[in-house]
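Colleague: Could you show me how to read helix packing in a model like this one?

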Amino acid sequence: MAEDYAAKMGRKTDAELRQYVDQYTNYLEEAVLAALDELERRGKVVAEASAIRTNVQPVVAQRAAEAATVRAAEAAVAEPEQEQAAGPALYSPATIAIFSVIFSFLAGGVLMVINLFKLDKQSKALRLLLFIVLYLLGSSYLLQWAVLQFGESAKWISAAVNLGAVVAYLWFFWPRYVGRRSYLSRGWLPALVVCLLIFGIMYYLMMPMLGQMGGAALP
């Protein structure tokens, strides 16, 4: 607003500017200050300038503070509305698929469960957890059976199990539990760090067991 008044006063004559100063109580305080500034810029001496500024500057400062408070309140209201329009932060289907393939369908399932809790769909999250548990039990029995039947060549079963889980997550659970909605893609780096730590701890804990199994296998 100050810049608009400055441009407006720059187009006025000295006499018009003096009118703002001489009758300053009849004009908006911002306009009076702009007129004073313009007169001083032109080298005109205004004897009562100090007294006028003392009277109008507090009003201008108070009005600017009130305007800043209003803008801050409007911004505080607009920010949640913008976030709601953009949607919640969720792990994308691509992230869920990648984590399921690289680590395990358990990792992808956990990300999917986090999404559902983020959407306040606790009951559906519990249903997904039940599916993961049942799928884990079923896949464990399937892998044991495949190893007994096919030996080392049964390793492809594990990849097929993870792929089956990905299909279930993305083509069954996502359309029904998440649905078509706008969302912000959540950063995957923290989840990656957590997965690496968990699998690292699991590997460390299983090393003695693997060592014993390896020793027992030796003739």
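Modeller: Let's begin with confidence and then turn to the helix pairs.

Modeller: This is a predicted model, where local features need pLDDT of at least 70, side-chain atom pairs count only at pLDDT 80 or more, and totals for chains, interfaces and linings use all residues. Residues are numbered from 1 along each chain as its sequence is written, and side-chain values use heavy atoms, leaving out hydrogens and water.

Colleague: What is the mean pLDDT of the protein, and where is confidence lowest?

Modeller: pLDDT is the predictor's confidence in each residue, from 0 to 100. Here the mean is 82, and 86% of residues reach 70 or more. Confidence is lowest in helix α9 (residues 189-217), with a mean of 68, and highest in helix α6 (residues 105-118), at 91. Helices are DSSP runs of H or I, at least four residues, numbered from the N terminus. Over residues 213-219 the pLDDT is below 50, and beyond near neighbours in sequence this stretch has zero contacts (heavy atoms within 4.5 Å). Where pLDDT is low, the predicted coordinates should not be read in detail.

Colleague: At what angle do α5 and α8 pack?

Modeller: Axes are lines fitted to C-alpha atoms, for helices over the stretch in contact, and angles run from 0 to 180 degrees between N-to-C directions. Helix α5 (residues 93-102) and helix α8 (residues 156-178) pack at about 160 degrees, their axes 9 Å apart. They are therefore roughly antiparallel (over 145 degrees). P93, I96, A97, S100 and V101 of α5 make the contact with N162, V166, Y169, L170 and W174 of α8.

Colleague: And how do α5 and α6 cross?

Modeller: Their axes come within 6 Å and cross at roughly 150 degrees, so α5 and α6 are also roughly antiparallel.

How values were computed. Helices (H or I, at least four residues) and strands (E, at least two) are DSSP runs, numbered from the N terminus. Angles under 35 degrees count as roughly parallel, over 145 as roughly antiparallel, 65 to 115 as roughly perpendicular and the rest as oblique.
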